[in-house]
Amino acid sequence: MSGQLISEYAKLLQSCKTPNQVNGLHIQFENSMTPAEVFELAAAAAIAASPLGAGESTAVDDPHAQASLALRDTLSSIPPTHAAYALRWIANMQAFLSLSGKAGPEPYLRQRMGQYIALYSDGNDLPGKRLAICFAGAGQRMMMPVGVFLQHVDASQNDVLVLRDVARNGYRDGIPGIADSLEELIQVIGTNRKKTYASVVSLGVSAGGMPAIWAALQLDLDKGVSVGGNSPADPRWQLWGDEGIKRPFDYYMARLTKPPNLLYIYGADRARDRDAATALSELLPVRTLAVGGNGGKPSGHNALYTLLQRGTLTAFLEEALSTDESWDRLSELAATSPIESGRVENNPAS
Amino acid sequence: MAGTTDVPIATLEMDSLAEMELCIAIEVNTGITIVPEQLRDIEMLSDLAKAIL
């Protein structure tokens with residue numbers, strides 16, 4: 001590790017004038033940081049939070065140690081409220097990653113494919129690898145910080161392409177600089193894959209849910225998964241006259257080379273998403289799966305967060321993304337949990 | 001303000017990210033700083049409007 005990320009974070013943190021600017025900085029970092037970078041930042045924060053040792057100075061050779069000490073300088077010079085926000089944020093990120101039960105970070109490296117698209121891969125080309133095309137929700141993330149999500153997906157078996165909906169309209173206008181419509185965006189993704197994968201699946205959360213289903217149909221993918229996606233009856237998807245989204249779906253369904261493998265996952269206690277599951281299953285051959293709550297608490301829109309808190313997100317995503325998943329195992333993982341094991345306060349948000 | 005019906009902020013079902021983004025948007029557009037911890041203590045949308053206006 002070069003310490004570059006920590007130095008950059010310390011510099012930007014220093015420039016924040018208000019707590020909201022600190023939060024904005026954290027959101028920006030959350031939307032791109034890899035698990036390894038979260039670990040790196042947490043290690044630096046541990047050094048930064050420790051008292052200055054005798055004879056210790058920033059004149060050290062190790063760039064990581066130097067950056068850590070620079071972070072300590074920053075934390076001691078900014079308003080205490082800002083420092084508290086920063087340390088709490090780093091601690092929360094670390095705690096969320098620890099819910100994976102893994103001692104170290106999943107070794108994803110980030111490769112920017114454009115301003116709002118990034119490929120996360122460990123760089124190895126194993127023959128059985130899967131590509132997960134991920135449509136983030138309006139929060140620009142997969143219902144949690146990107147690094148937290150990636151920590152729960154096996155890097156040795158998956159490459160993860162994350163698309164961000166910067167216009168926050170369900171990708172209906174594409175992504176700036178890439179495509180001007182959802183259909184064109186999906187086509188660009190479909191025709192620009194450099195590597196061959198054993199399977200290619202789509203996963204979309206919230207406002208990215210419907211685009212993930214669309215992508216699975218348009219690109220004839222091995223699986224399409226929506227988590228809390230919009231209902232086809234949602235006014236935002238009534239773009240094709242009386243038939244609404246049925247028209248493009250019928251068109252792509254007729255061109256498929258195999259029956260579609262579609263899955264809609266939703267929080268069991270979220271009425272709107274439950275209704276969306278019903279409406280989507282009336283339109284397409286989609287299987288629906290309700291995620292129960294934890295410890296008597298309801299399961300809301302952010303179903304993945306419920307599973308994250310439960311400590312079962314890794315196992316759930318592996319089954320959900322698999323083209324030959326065990327439905328019994330998936331259902332078991334989704335069922336209501338009697339306990340709130342591993343709960344971390346502060347919803348990482350969608 | 002136009003309209004006669006007030007809205008409890010809780011009905012907006014904001015998660016922590018949405019709270020942060022709302023506070024950031026308020027600050028950027030009005031210069032008034034309300035942090036998420038304060039926002040959670042505001043019950044109605046009209047109360048939030050009064051804090052800004």
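1. A quick definition to start: two strands pair if DSSP finds at least two bridges between them. Helices (H or I, at least four residues) and strands (E, at least two) are DSSP runs, numbered from the N terminus. With that in hand, strand β7(A) and strand β8 (residues 286–291) of chain A run parallel and are joined by six bridges. Tyr266(A) has Ala290(A) as its bridge partner in β8(A).

2. Some housekeeping: this is a predicted model, where local features need pLDDT of at least 70, side-chain atom pairs count only at pLDDT 80 or more, and totals for chains, interfaces and linings use all residues. Residues are numbered from 1 along each chain as its sequence is written, while chains are lettered from A and ligands numbered from 1 in the order in which they are written.

3. On its other pairing, β7(A) runs parallel to strand β6 (residues 223–227) of chain A, with four bridges. Here Ile265(A) in β7(A) is the bridge partner of Val227(A). To get from β6(A) to β7(A), the chain passes through helix α9 (residues 246–255) of chain A in a right-handed β-α-β crossover (with the strands pointing away from the viewer, the path from the first strand over the helix to the second runs clockwise).

4. Why is strand β7 of chain A largely enclosed by the rest of the structure? Because six of its six residues (262–267) are buried, that is, 20 or more other C-beta atoms, placed from the backbone, lie within 10 Å of each one's own. Leu262(A), Tyr264(A) and Tyr266(A) sit on one side, and Leu263(A), Ile265(A) and Gly267(A) on the other.

Methods. A residue is buried if 20 or more other C-beta atoms lie within 10 Å of its own, exposed if 12 or fewer, and partly exposed in between; C-beta atoms are placed from the backbone.
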